[in-house]
Amino acid sequence: AIRIQGGTLNQVVSNFLGTDATGNKAFGEIGGDGFTVQFAHGLFMDGNSSKNTISGNVVSGNHRQGIAIYESTENTIENNKVGVGADGVTALGNFENGILIDGSFDPAFGNVIHNNIVAHNGSTSPFVDPTAGIKVLRAPSTTITDNIATDNTGQGIQIQEGNNLTVTGNTVTGSTEEGLSIDVYLPVFIATDGATIAGNTF
C-alpha cells in the first residue's frame, strides 16, 4: 500500500493499509493489500530510510508483512493496530509477520516499536519463513516497548542478532510458540548480546 525508499522525516499517520475505510474489513481475501496488489506489504520501507514516523495506522489483512522495514534506522512505529481492525478486536491478520525489522545501516541508532497492538498475524505455510508478531533480524539497538502482541502464529516477539536491544513493558500472550525468542542468526551463528529485558508479561 505504501513504500518509502531512502526517505527521511516522513510521517505516515492515520491510514488504513489493507482494509476499507471502516478499518474493520479487509479488502478481499488474503492475497492482496489495500490496492489489491498481490503479495504486497501494508507498509514497506528500505533504502537506508531514517527518522520516519509510522503512527496511528490500521495495517491489517495484507498478504505479506504488515509493516516491513529493511536496512533502515531511527524510525518510529507507534500506536498502530497491526493484524486487527480499527476497533482493536476484529481479527484481520497479515499473512506473514505483523512487524518486521530486517537490517540497520547504523548499529548505534535503532528503530523504535512502541505501544502497538500486534495480533493474529502469521502463517504455518511451508512457502514462507517462520513468522512472529514482531520480528527483528540484524538490527542492533532496537527498542520494543509497551506493545500488546497476542494470538500470533510463531513467537510473539522474535529477535535474531540484535545487540543492545531494549524489550520492556510488553504484553505477549497466545502465541503458538514462545512469547519471546532470542536466537542466533543463521546460517552464520551470530548471537545477540547486551539486551535489556524487563517488565514484560508473557
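Among contacts in the protein between residues at least 6 apart in sequence, 67% join residues at least 24 apart, where contact means heavy atoms within 4.5 Å. This is a predicted model, in which local features need pLDDT of at least 70, side-chain atom pairs count only at pLDDT 80 or more, and totals for chains, interfaces and linings use all residues. Residues are numbered from 1 along each chain as its sequence is written, and side-chain values use heavy atoms, with hydrogens and water left out. Here is a friendly tour, from the whole chain down to single residues.

**Overall build**

- The secondary structure comes to zero helices and 20 strands; helices (H or I, at least four residues) and strands (E, at least two) are DSSP runs, numbered from the N terminus.
- With a radius of gyration of 15 Å, close to the 17 Å that the globule rule gives for 202 residues, the protein is as compact as a globular protein of that length. The radius is taken over C-alpha atoms, and the rule is 2.2 Å times the number of residues to the power 0.38.
- The C-alpha trace spans about 40 × 35 × 30 Å along its principal axes.

**Surface and charge**

- Of the 202 residues, 51% count as buried. Buried means under 20% relative accessible area, exposed over 50%, and partly exposed in between (1.4 Å probe, protein chains only).

**A six-stranded open sheet**

- Six strands make up an open sheet with parallel pairing, in the order E3-E6-E9-E12-E15-E18. Two strands pair if DSSP finds at least two bridges between them.
- Strand E3 (16–17) and strand E18 (171–173) are at the edges with a single partner strand each, so one side of each is left without a neighbour in the sheet.
- Strand E15 (residues 148–150) runs parallel to E18 and is joined to E18 by three bridges. Ala149 stands opposite Val172 in E18.

**Strand E13 and its partners**

- Strand E13 (residues 132–137) is mostly covered, with six of its six residues buried.
- Strand E10 (residues 99–102) pairs with E13 in the parallel sense over four bridges, and Ile101 has Val136 in E13 as its bridge partner.
- E13 is also joined to strand E16 (residues 155–160) by five bridges, again in parallel; here Leu137 stands opposite Gln160 in E16.
- As background, strands of a sheet pair through backbone hydrogen bonds, either parallel or antiparallel.

- Tyr70 lies in strand E7 (residues 67–70). Leaving aside neighbours within four places in sequence, Tyr70 is in contact with Phe44, Met45, Asp46, Gly47, Gln65, Leu100, Asp102 and Gly103.
- The C-alpha atoms of Tyr70 and Asn15 are separated by 21 Å, and these residues are 55 residues apart along the chain.
- Gly47 sits in the loop between strand E4 (43–46) and strand E5 (53–55), and is partly exposed at a relative accessible area of 39%. Not counting residues up to four places away in sequence, Gly47 touches Gln5, Gly6, Tyr70, Glu71 and Ser72.
- Between the C-alpha atoms of Gly47 and Thr73, 26 residues apart along the chain, the separation is 10 Å.
- Thr73 belongs to the loop between E7 and strand E8 (76–78) and is buried, with a relative accessible area of 1%. Beyond four places away in sequence, the residues that Thr73 touches include Ser49, Lys51, Phe105, Phe109 and Asn111.

- Most residues other than glycine have a negative phi, and most peptide bonds are trans.
- Leu9 is not a glycine, yet has a positive phi of about 60°. Leu9 lies in the loop between strand E1 (2–5) and strand E2 (11–13) and counts as exposed at 64% relative accessibility.
- Glu71, also not a glycine, has a positive phi of about 50°. Glu71 is found in the loop between E7 and E8 and counts as partly exposed at 30% relative accessibility.
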